[in-house]
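Have the model open alongside.

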Amino acid sequence: MTLHARELAVRASSGVSSAFAVDGVKRMAALAGVILLAILISPAASDGSRIFLDPGNLTDILRQVSLIGIISLAMTFVILTGGIDLSVGSILALSTSLSAMALTRFWPSSSYLAHICLTLLLATLASALAGTLNGAVIALFDIQPFIATLASMIGLRGLAKWITQNANIDIGFGQDVAAAFASIFRQKSLVIGSYALLAFVFWILLGRTVFGRHVRAIGDNETAARYAGLPIRRVKSIVYILSGLLAGYAGILYTAENSQGNPNAGVGYELDAIAAVVIGGTRLSGGKGSIAGTIVGTLIMGILTNMLRLKNVDSNVEMMIKAIIIVLAVAIQKQRRAA
Amino acid sequence: MADLLRAEKVARSYGGVYALKGVNFALRAGEVHALMGENGAGKSTLIKILAGSVKPDRGSILVDEKPVSINTPLDSQRFGLGIIYQELDFFPNLTVGENIVIRNLHFPQSSFVNYRRIDSFCRPFLDQVGFNGDSRGLVGALPIGQLQLVALARALSMNARMILMDEPTSALAADGVRRLLSLICALRDRGISIVYVSHKMEEVFAVCDRATVLRDGETIGTRQVQNTTTAELIRMMVGRDVENRQQTESSRAGDVLLSVNALTTGKLKNVSFDLHQGEVLGVAGLVGSGRSALGAALFGLDPVKSGDIRLRGNSIKPRSPASAIAQGIGLVPEDRKLQGLMMQMSVLENSTISTIGRMCRFGFISRNHENEMAEPLFRQLKLKSASPLSQVSTLSGGNQQKALLARWLLIDPDVLFLDDPARGIDIVAKQDIYRIIARLAEAGKGLILVSSELPELLNCCHRIIVLNQGRVSLTVDSSEASQELIMAAAISAQAGGEQQ
């Protein structure tokens with residue numbers, strides 16, 4: 001019996017350690033609870049079925065959470081190292097601005113394929129560069145991540161507004177490359193599919209690679225990590241680069257979904273992403289957390305939003321309810337730890 | 001003469017380990033009383049009990065022959081006790097005056113800060129101790145010698161009749177020491193009793209009237225300073241028996257593995273020694289003598305100012321722990337919780353964290369491989385854990401230390417510096433760790449073992465160097481060493497003739 005239990009624990013801990021398997025079960029229970037609640041209070045459609053369970057509604061939820069979901073994957077890594085990235089919303093704005101500009105103003109004579117590839121490359125490179133800047137300031141100058149990314153949150157927002165002259169750049173209303181781009185990158189299957197793929201990649205990265213192990217070790221005890229000879233600067237730099245990259249990719253999806261590059265996009269996304277990570281059980285102080293938890297946190301937030309919208313709850317009330325959920329989620333985890 | 005302060009059979013244990021087993025200590029009016037003992041003898045615990053920050057399990061404290069209970073630092077202030085800690089407890093961003101009046105029962109408290117009132121309250125006490133600086137200056141900007149004076153003024157302003165000073169001269173230069181000692185004499189002449197905790201014999205003989213020696217949490221005895229000798233006090237401090245002292249073969253036969261030549265850092269001066277293959281070299285010395293600084297220099301934590309480190313004849317320059325490890329040097333740190341372990345991670349992950357790159361297949365960590373590498377070591381170390389996946393924080397101190405040792409066995413450096421690896425762990429785990437050290441030496445590694453416990457050094461090491469104020473004050477074969485010899489070299493005034 002005990003042997004069996006231990007074997008189970010070993011298997012279940014493929015994420016991290018055996019204590020986490022227990023956490024994982026509770027997390028799934030929380031998600032199941034929210035889903036059940038959503039089904040119960042969902043309004044009925046004309047044929048008597050639950051609107052919440054309508055496949056169209058379910059995939060809408062997934063699509064709606066995808067942008068925050070993607071950003072929060074890398075945010076999990078950042079927070080696991082004991083850091084924070086406040087600049088993701090601004091990086092998203094920079095990426096959407098740049099990609100809309102690229103589609104409408106740059107390289108007019110290139111083929112559609114080359115044009116789209118160049119656009120993706122530009123937006124991705126710029127976002128990676130922004131992340132590199134964060135990582136360099138934090139790792140080399142030893143500046144607190146909160147301050148470093150607060151600065152780039154302000155500065156990059158300014159950059160996005162400056163290059164666009166603070167104007168939205170509409171795309172995709174003609175028969176041009178921009179329309180082709182938008183029609184590809186707004187597809188539900190592509191958006192949800194890339195979220196799922198990235199989630200899988202980051203789950204593997206955290207659980208099964210040396211890099212992921214180092215991320216957790218540094219967040220757990222940076223001094224001990226230094227004494228163990230871990231490449232702290234490199235690991236820290238990489239997590240901020242990853243964070244920039246994913247925020248940039250989210251910006252590309254944003255451009256297609258909204259048919260515009262918007263330098264004011266993504267305001268507050270950093271807080272939504274942090275909320276998803278924290279609801280998913282990752283400690284803000286670092287060292288402990290999981291990608292699975294972050295996905296659950298993202299889904300809980302998304303389902304709640306959907307549920308309240310289906311019930312026509314005022315969006316301001318929706319924010320107040322979300323606030324309560326965040327505090328409750330973290331309070332419950334605190335209790336679990338004390339127990 | 002009646003005692004001003006008396007501690008009777010005071011005992012205190014931490015998690016089953018006795019820090020004090022039953023200490024008797026008496027302080028008379030108008031005397032300077034030295035409190036002496038090795039690291040870990042119980043001096044600090046006794047001071048904490050008198051300061052009201054730790055409660056005794058048993059025993060009683062009497063002030064003016066009346067039993068009292070000191071539950072908070074304010075209580076200790078009420079009974080006229082002033083404590084001057086080794087690590088001075090100031091608020092660095094408050095002014096000298098603010099630091100003196102805060103939590104001061106003799107300063108009429110009000111809700112608003114009135115600097116003029118603070119100044120006029122503090123000035124007489126600052127003058128008494130000879131502090132000429134501005135009472136509105138920030139404490140954080142003062143040098144350590146001035147801080148001592150402020151601490152004394154604060155104690156006086158609290159109307160202290162008894163002042164406890166914990167190694168007050170450990171960070172002072174020679175003239176600072178002289179001034180402090182004459183101030184102590186002046187305070188005694190004004191009727192204030194002083195408990196003077198120090199290792200430094202010449203200071204004890206210069207100002208103290210009596211000396212009490214603690215060892216292993218017990219009072220060994222109290223002597224009139226004028227009727228005793230340095231040799232007697234040292235004997236009282238180290239008198240523990242060396243049990244089953246092993247015949248450690250001098251293994252000079254091995255080649256020189258690590259050669260340190262005139263190494264100088266911020267805390268080390270001109271340190272030279274050789275470490276041979278298969279040798280365990282002990283490092284003795286008081287806390288702050290440079291024994292941990294030696295590890296920090298070898299492991300790339302402290303910058304090396306001059307001198308060189310050679311491994312197998314090749315000069316190496318460790319710039320960081322990572323580079324030290326790459327060059328074949330390892331360090332098991334003094335504080336396993338702060339510097340060693342990732343407490344939220346599992347036992348297995350803690351031991352493989354530095355070598356996990358070797359346990360990958362196709363770029364991904366292979367859990368089977370990881371287990372296969374670590375499990376034999378856990379068995380060898382007799383590491384007891386419910387499962388390798390248990391969080392390391394759930395383990396006992398000894399098993400935590402073993403998890404850390406497993407990490408170093410996997411890294412497999414040529415030279416391993418162990419900074420007090422057996423501190424605060426149970427006796428069985430200690431033996432396991434000594435066994436591993438011996439086995440590593442047999443395998444031709446070079447080991448440097450720092451310890452506060454002299455019997456441990458005499459048992460485990462082939463040779464011992466003694467550090468004193470950053471210098472090597474003695475190098476000796478452990479077969480020729482005695483606790484008295486080592487202790488004398490550790491506390492002697494100057495680092496004496498450097499033997500090599």
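In this predicted model, strand β14 (residues 306-311) of chain B is joined to β15(B) by three bridges, with the two running antiparallel. Across that pairing, Ile309(B) sits opposite Ile316(B) in β15(B). Strands here are DSSP runs of E of at least two residues and helices are runs of H or I of at least four, numbered from the N terminus; two strands pair if DSSP finds at least two bridges between them.

Some housekeeping: local features need pLDDT of at least 70 and side-chain atom pairs count only at pLDDT 80 or more, while totals for chains, interfaces and linings use all residues. Residues are numbered from 1 along each chain as its sequence is written, and chains are lettered from A and ligands numbered from 1 in the order in which they are written.

**The four-stranded sheet**
- β14(B) and β15(B) belong to an open sheet of four strands, ordered β12-β11-β14-β15 (chain B), with antiparallel pairing.
- The edges are β12 (271-276) and β15 (314-316) of chain B; each has a single partner strand, so one side of each has no neighbour in the sheet.
- Ignoring direction, neighbouring strands of this sheet are turned by 25 degrees against each other on average. (Axes are lines fitted to C-alpha atoms, for helices over the stretch in contact, and angles run from 0 to 180 degrees between N-to-C directions.)

**The six-stranded sheet**
- Chain B also has an open sheet of six strands with mixed pairing, in the order β16-β19-β20-β13-β21-β22.
- Here β16 (329-332) and β22 (471-477) of chain B take the edges, each with a single partner strand, so one side of each is left without a neighbour in the sheet.
- From one strand to the next, the twist averages 20 degrees.
- β16(B) pairs in the parallel sense with strand β19 (residues 415-419) of chain B over four bridges, and Gly330(B) stands opposite Leu416(B) in β19(B).
- Helix α14 (residues 397-411) of chain B packs on the sheet, touching β16 and β19 of chain B, and its direction makes about 175 degrees with that of β16(B).
- Helix α15 (residues 427-442) of chain B lies across β13 (280-284), β19 and β20 (446-450) of chain B, at about 150 degrees to β20(B).

**Domains of chain B**
- Chain B is split into domain 1 (3-238), domain 2 (244-328 + 415-500) and domain 3 (340-412), with bounds from an automatic or database domain assignment.
- In chain B, 13 residues of domain 1 are in contact with 12 residues of domain 2; contact means C-beta atoms, placed from the backbone, within 7 Å.
- α7 (201-207) and α8 (230-238) of chain B are the elements giving two or more residues to the domain 1 side of that contact, and α8(B) has the largest share, four residues.

**Where the chains meet**
- 24 residues of chain A are in contact with 27 residues of chain B.
- On the chain A side, two or more residues each come from α1 (2-12), α2 (18-41), α9 (210-220) and α10 (222-227) of chain A.
- α9(A) gives the largest share of that side, five residues.

**Chain A in brief**
- Chain A has 14 helices and two strands, whereas chain B has 17 helices and 22 strands.
- Helix α3 (residues 55-80) of chain A has a kink of about 50 degrees centred on Ser66(A); the bend at a residue is the angle between axes fitted to the seven residues ending there and the seven starting there.
- After α3(A) comes Gly82(A), with a positive phi near 90 degrees.

Definitions and conventions:
Contact = placed C-beta atoms within 7 Å.
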